[in-house]
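Biologist: Please walk me through this model. Keep it brisk.

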Amino acid sequence: MTADAFIHLPDLRARVTHPEKSLLRLTPEMFSMWEQRARAAGWPVNWRLSDDEIEASRLALLGEYPEGHDLWIFCYGSLMWDPGFHFAEVRLADAESYQRRFTLKINLGRGSHDYPALMLSLEPQPGRCHGLAFRIAAETVHAETAILWRREMIRGGYAPALVPMTTPQGPITALAFVSNPTHPSYVGELPLAETAALIASGKGVLGTNREYLVQLAMQLQALDIEDPYVEELLAQVGAGSHS
């Protein structure tokens with residue numbers, strides 16, 4: 001991160017995990033550690049996409065990305081507080097005609113086979129999704145996106161796309177991990193009460209699904225971003241009796 005990466009959002013500096021301190025900065029070494037934990041937990045050999053499949057997915061979108069150009073990453077979930085990649089600038093950003101929704105049912109990370117969880121995706125819907133955009137400097141685009149891809153595309157749950165955005169400093173185009181309705185983990189937008197119940201009970205090696213929701217709500221609040229969907233889920237999960 002450059003010294004002035006937080007020039008637009010100075011208060012955010014204390015609310016973003018430094019990439020070198022992130023357990024989700026999936027360098028080959030960190031990825032190997034998670035791989036060992038997965039195998040120790042009894043996950044099958046094919047629990048994730050192969051290294052070649054992950055890299056092929058990345059190159060399908062970014063293989064011809066113009067040299068010398070920075071790349072923006074749109075962050076709407078955990079990437080907002082733990083991006084895991086080095087960046088040169090961060091801005092508030094809005095993705096028009098998208099909303100964050102818990103539409104991926106997972107049994108790893110913050111879920112397990114006995115206690116499945118729901119994770120966020122970016123759904124094409126009326127309105128706009130308010131989030132953050134982090135700018136990766138041109139000379140590190142391929143190295144940093146390779147690290148990011150191992151995290152976000154470990155099971156191919158998203159359909160990465162370059163999406164036009166608005167920011168207070170002007171329009172940008174950013175990489176966004178958009179929903180992939182064809183993926184086996186995709187369940188679509190469930191009734192709010194069902195979504196809340198799954199989040200309240202989900203837990204795995206990364207912690208609980210509830211903690212994820214709370215972190216999300218706290219980061220949105222710190223950024224003065226209103227998201228009625230997240231606020232209603234938090235109210236329902238907080239009112240529930242699930243552990």
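Modeller: One term to start: a nonpolar core is a set of buried Ala, Val, Leu, Ile, Met, Phe, Trp, Tyr and Cys residues joined through side-chain atoms within 4.5 Å. Note too that this model is predicted.

Biologist: Which residues touch the most other members of the largest nonpolar core?

Modeller: Nonpolar side chains tend to be buried together in soluble globular proteins. Here the largest nonpolar core has 73 residues. The members that touch the most others are Phe-74 and Phe-102.

Biologist: Which strand gives the most to this core?

Modeller: The strand in question spans residues 117-136. It supplies 10 residues to the core. That is strand S3.

Biologist: Which methionine is in contact with Phe-74, leaving aside neighbours within four places in sequence?

Modeller: Contact means heavy atoms within 4.5 Å. The partners of Phe-74 include Leu-122, Cys-129, His-130 and Leu-132. Ala-93 and Ala-174 are also among them.

Biologist: What is the radius of gyration of the protein chain, and why does it agree with a compact globule?

Modeller: The protein chain has 243 residues, so a compact globule would have a radius near 18 Å. The chain's own value agrees with that: 17 Å.

Biologist: How far apart do the centres of the positive and negative side chains lie?

Modeller: The protein chain has 20 positive side chains and 29 negative ones. The centres of the two sets are separated by 5 Å.

Technical notes: Residues are numbered from 1 along each chain as its sequence is written. This is a predicted model: local features need pLDDT of at least 70, side-chain atom pairs count only at pLDDT 80 or more; totals for chains, interfaces and linings use all residues. Side-chain values use heavy atoms; hydrogens and water are left out. The radius of gyration is taken over C-alpha atoms; the globule rule is 2.2 Å times the number of residues to the power 0.38. Lys and Arg count as positive and Asp and Glu as negative; His and the chain ends are not counted. The place of a charge is taken as NZ of Lys, CZ of Arg, CG of Asp or CD of Glu. Buried means under 20% relative accessible area, exposed over 50%, partly exposed in between (1.4 Å probe, protein chains only). Helices (H or I, at least four residues) and strands (E, at least two) are DSSP runs, numbered from the N terminus.
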